[in-house]
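Biologist: Please take a close look at a single part of this model, the open sheet, and then at the ring contacts. Keep it brisk.

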Amino acid sequence: VRFQVSRVMDSIERRLTTDVTLAQAVVDLGEVARFAALDDGRPVNLLRIGVAIDALSRYLLDAGAMLYGIAGRDLLADAAFTAKERMVLGRWLDDGLIEVTPEVADRPVEVADLTGLPLVTVRSMEQYAERFPWLRDSPHRVLRLRPRAGSGVLVPADGADLDPPEAPKVAVGKAQVAVSGDATGYPEVFATHGAQRVSHTRVVRRLVTRAEPSGLGASLVAREWRCAEPDCPSFGERRAIGQPVPRMRGGVPTCPRHGGHLRDVGPRPAACAVSVVVDDLPRLRFAVREGRPVRVGVDDGEDLISVAQWAHASARAWIGPAHVRLELRDGRLVATDISANGTAVWRRSGPDDPGRTTWLYGSEYTLNDWDSVELYTGIELMLGDRRLATVLARSEPVSVLVDAPTAPMRQLA
Ligand SMILES: [Zn+2]
């Protein structure tokens with residue numbers, strides 16, 4: 001059992017980030033870990049963070065959805081945690097995967113304000129509406145975590161009376177599904193790949209993805225910040241992943257953990273999130289930063305993203321160890337084929353365009369918002385946030401709480 005808990009903690013860990021490029025929602029971790037109504041269990045439990053991640057995955061239809069978690073010091077000291085849980089929390093903190101701050105207070109709302117990320121909450125945030133008027137004006141940016149059948153579900157705050165159906169509606173192939181009023185957000189149909197693949201396709205149009213960051217937030221994330229504490233996991237020199245957003249104190253950017261003023265050390269390199277999309281379901285998110293190209297293939301390595309776990313035998317034989325290189329140039333994603341077999345690009349004018357393919361043979365292509373790079377049938381790379389107005393998915397996101405590998409990809413005819 002202990003071994004399985006470790007595996008589950010590792011699965012949860014892979015979905016935590018304080019990199020504002022990769023994060024898809026922000027949450028107070030203490031609020032979730034202490035939300036006993038989720039499972040009627042002990043007063044505090046770290047596995048509940050997995051429940052929140054699963055709920056976000058189902059909400060976004062993204063099996064790689066990533067959460068920006070904030071913990072107060074009181075949570076780290078909570079005596080009701082097991083020794084194992086405290087050790088795991090400490091590791092997440094040291095690796096900068098979560099943010100630890102003396103007092104959580106309005107910090108999750110601030111992060112949502114500065115980044116435009118949706119805010120996942122258990123409690124009402126009404127008390128902060130004076131400082132952050134969007135809490136009142138755009139309540140749909142707040143997603144309430146609620147218990148649902150031994151798990152959790154996210155409900156937009158203004159949709160409190162519009163409980164979503166237990167299971168999203170199902171459309172077969174390209175069938176049209178009636179739209180039952182805009183407030184519920186269901187659904188809109190389009191075919192990502194044209195007509196050649198007919199499948200059971202579940203279609204959900206989400207209500208919230210990401211709002212515009214506030215003006216202050218946009219200027220803060222345009223800069224790289226440095227904490228006076230050299231080992232600071234958030235704003236230290238050794239941080240390997242993209243930075244979080246500073247905490248504003250009296251109009252001054254400060255370190256959320258150490259409280260000191262942050263030094264502006266120059267422009268933050270541009271970055272974008274890319275999703276590995278397999279069978280129409282995003283599985284893994286990674287960042288591409290200006291000046292740091294990323295290669296994708298079936299091999300692992302530094303600056304190398306592997307899709308091997310989703311590739312069956314013929315896909316593995318086709319996709320090269322490093323198949324395609326992605327880089328950010330003038331804020332746009334450029335794909336270069338570095339494979340023996342060539343790389344297909346699906347060009348689309350919008351979300352309802354089935355697309356046309358262009359083949360790259362050692363050549364490069366600058367991607368537009370709705371384009372994707374296909375390494376092999378059904379294994380694609382897409383801009384992480386822009387494809388999200390509408391998402392098709394054939395299967396449920398796999399729970400981080402299940403100690404099981406992703407189901408092997410089905411062979412496509
Ligand atoms: Zn610091």
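Modeller: A definition comes before the strands: two strands pair if DSSP finds at least two bridges between them. Strands themselves are DSSP runs of at least two residues, numbered from the N terminus. The model is predicted.

Now the sheet. It is open and has 5 strands, in the order E16-E15-E17-E18-E21. The pairing is mixed. At the edges are strand E16 (304-306) and strand E21 (364-366), and each of them pairs on one side only. From one strand to the next, the twist averages 25°.

Take one pairing inside that order. Strand E15 covers residues 294-297, and strand E17 covers residues 324-329. In general, strands of a sheet pair through backbone hydrogen bonds, either parallel or antiparallel.

Next, the rings. A search of the whole structure finds 1 aromatic pair. Its members are tryptophan 359 and tyrosine 361. Their centres are 6.0 Å apart, with 15° between the planes. The pair counts as stacked because planes under 30 degrees apart fall in that class. Tryptophan 359 is partly exposed, at 41% relative accessible area. Tyrosine 361 counts as exposed, at 58% relative accessibility.

The charged end of arginine 141 sits over the ring of tryptophan 134. The distance to the ring centre is 4.0 Å.

Note on methods
Residues numbered from 1 in each chain as written. Predicted model: local features only at pLDDT ≥ 70, side-chain atom pairs only at ≥ 80, totals over all residues. Heavy atoms only, no water. Helix = DSSP H or I, 4+ residues; strand = E, 2+ residues; numbered from the N terminus. Axes fitted to C-alpha atoms, helices over the stretch in contact; angles between N-to-C directions. Phe/Tyr/Trp six-rings, centres within 6.5 Å; stacked < 30°, edge-to-face > 60°. Buried < 20%, exposed > 50% of the residue type's maximum accessible area, 1.4 Å probe, protein only. Lys NZ or Arg CZ within 6 Å of the ring centre and 35° of its normal.
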